[in-house]
Amino acid sequence: MSIAASDLVFYASANMPNDDVSTSGGAIDTLRRLDFTKMAANDTVRVVSSAAGDTTQTVTITGRKADGSIASETLSLNGTTVVTSVNTYERLLKAELSATCVGTVTVARTTGPTTIRVIPIGERGFMAIFRQLASDPSVQKDYYCKGFWKNTHGSLALTSSVVKQNADPAARITHALDAANDATTSVANRVTSPGFTFDDTDKNVPNSQNLNSGSAIGTWLHLLLPAGDGAWSTTYTTELDGQTT
Amino acid sequence: MASTLAFTPQHEWTAHVGKDEVLTFAGGERHEISNPSKALLRCAGSAHDAGVIEVHEGLSLTHVQSQEDGEAALSKAMGKQDEEGRHVGPWQEGNLLQAAIDAAGIDGASA
C-alpha cells in the first residue's frame with residue numbers, strides 16, 4: 001500500500017513556548033500536533049471521548065475569549081458524555097490531556113457541533129504554533145518556532161519529498177528546514193533565529209529528499225511582524241509533497 | 001491530601017470541580033486555598049502540567065502521565081503494521097478522522 005496523506009503527520013516540537021524567554025524547538029513531540037485552525041465563530045467548546053471508560057483524564061484548554069483576553073479551563077472527561085466549557089472562545093490556542101485516552105477525543109464547537117480537531121488514541125493534544133505574541137509599535141518582531149513533518153508509514157520512504165507553503169493568507173510566515181532529518185535543533189528562545197534561510201520557496205527534504213519510514217523533518221516557521229502591525233487572526237498551511245511506490 | 005493549595009494562574013483559569021460547579025481564578029495573582037477538594041487539586045495539577053498555572057504549594061501530579069509513559073502508550077496505540085506497512089492500532093481511527101478534517105478544511109485551514 002502506498003503512502004497516504006494520513007501517513008504524513010505534522011507534530012509539535014518538544015519546546016513550543018508562549019513567551020520570549022523559553023527554549024524553542026528541539027526534538028519531535030509525537031504526543032502533540034500543531035494546529036492552524038480558526039473557529040468560524042465565537043463559541044463554547046465541547047469535549048467528548050469515544051470510550052466510556054475515559055473518566056480519569058482532564059483536558060486543559062486555552063484560548064482567547066471574544067474580548068481578546070486569554071483564559072484557560074480544566075475539565076474532567078466524562079467518557080462518552082459531552083463536557084462543555086464555560087467560556088466562549090474566539091480561538092483555541094491549546095488543548096492538553098493529562099494522560100492518553102482509551103478512546104478518540106473530539107474537541108468541537110458546541111454549535112453544530114463542528115469538530116475543531118480530534119486527538120487520536122495515544123496522543124495528548126494540540127496547540128497553535130505561535131501563541132501569545134504581538135507586534136511592537138516601533139520595531140519589527142521576529143518569532144521562530146518548529147514543527148515536524150513525520151512519515152508514519154511503517155515501511156516506505158517518501159521520495160522526492162519537498163515541504164511547501166500551501167497557504168499564508170497574511171503573508172507573515174516564511175519557512176526553513178533543519179539540515180538533517182530527525183534533527184533536534186533548538187534556539188535559546190523564540191525571538192532567536194536558528195540561522196537558516198527563511199523564505200517562501202519550496203524546501204527539499206535532506207537525505208536526498210528521502211523521508212524514510214519513521215523519520216521526521218524539522219520545519220521551522222518564521223513569523224515576521226512589522227512595527228506597528230495590526231492584529232491578525234489567520235491561518236497557515238504547510239504541505240509535505242513526495243512520491244511513493 | 002494537601003492542606004493548602006497555592007498557585008498563580010498565567011491568566012484567568014477556571015477549574016471544573018464538579019457537575020455544574022466551576023471555580024474561576026483571576027490571572028497574575030497568587031491564590032491560596034485551605035483544605036482544597038480532591039477535584040481542585042486534580043485540576044490544579046493538570047493545569048500546572050499544561051503550563052497555565054504555577055502551583056507553589058500542594059502540587060499533585062499523580063494523575064498526570066509522563067512524556068515517557070505517553071510515548072509508550074502511543075506506540076502501543078499505533079500498533080503493528082499490516083503487510084502494506086500501515087499502522088492498524090486504535091490510533092489510526094483518530095488519525096484518519098483528523099486527516100479527513102484537514103482535507104475538508106472544516107472550520108478553517110489546518111496543517
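This is a predicted model: local features need pLDDT of at least 70, side-chain atom pairs count only at pLDDT 80 or more; totals for chains, interfaces and linings use all residues.
Chain A is built without helices, its assigned secondary structure comprising zero helices and 17 strands. The C-alpha trace of chain A extends over about 55 × 50 × 30 Å along its principal axes. Of the 245 residues in this chain, 57% count as buried, and the accessible surface of chain A amounts to about 8500 Å², with 48% of that area belonging to carbon and sulfur atoms. When contacts in chain A between residues at least 6 apart in sequence are considered, 77% of them join residues that are at least 24 apart.

A cis peptide bond, with omega of about -10°, links A:G112 to A:P113, and A:P113 belongs to the loop that runs between β8 (105-109) and β9 (114-119) of chain A. A positive phi, near 55°, is found at A:Q132, a residue other than glycine; A:Q132 is located in the loop between β10 (125-128) and β11 (141-151) of chain A, and its relative accessibility of 24% places it in the partly exposed class. A:S160, which is likewise not a glycine, adopts a positive phi of about 50°. This serine is part of strand β12 (residues 159-167) of chain A, and because its relative accessible area is 34%, A:S160 is classed as partly exposed.

Strand pairing connects the two chains through strand β2 (residues 12-18) of chain B. Five of the seven residues of this strand are buried, so β2(B) is largely enclosed by the rest of the structure. In chain A, strand β5 (residues 70-76) pairs with β2(B) in the parallel sense over four bridges, and within β2(B) it is B:E12 that stands opposite A:A71. β2(B) also pairs with strand β3 (residues 21-25) of chain B, here in the antiparallel sense and over five bridges; B:H16 has B:V22 of β3(B) as its bridge partner. The hairpin formed by β2(B) and β3(B) has two residues between the strands, and B:D20 in this hairpin takes a positive phi near 60°. In general terms, the side chains of a regular strand alternate between the two faces of the sheet.

Contacts between the chains are also made by a residue in a helix of chain B. B:S46 lies in helix α1 (residues 38-49) of chain B and counts as buried because its relative accessibility is 4%, where the cut-off for burial is under 20%. Leaving aside residues up to four places away in sequence, the residues touched by B:S46 include A:T58, A:T60, A:T74 and A:S98 from chain A, together with B:H63 and B:V64 from chain B. Among these partners, A:T74 falls within strand β5 (residues 70-76) of chain A, the strand that pairs with β2(B).

Note on methods. Residues are numbered from 1 along each chain as its sequence is written. Chains are lettered from A and ligands numbered from 1 in the order in which they are written. Side-chain values use heavy atoms; hydrogens and water are left out. Buried means under 20% relative accessible area, exposed over 50%, partly exposed in between (1.4 Å probe, protein chains only). Contact means heavy atoms within 4.5 Å. Accessible areas come from the Shrake-Rupley method with a 1.4 Å probe; for residues, only the protein chains shown count as cover. Two strands pair if DSSP finds at least two bridges between them.
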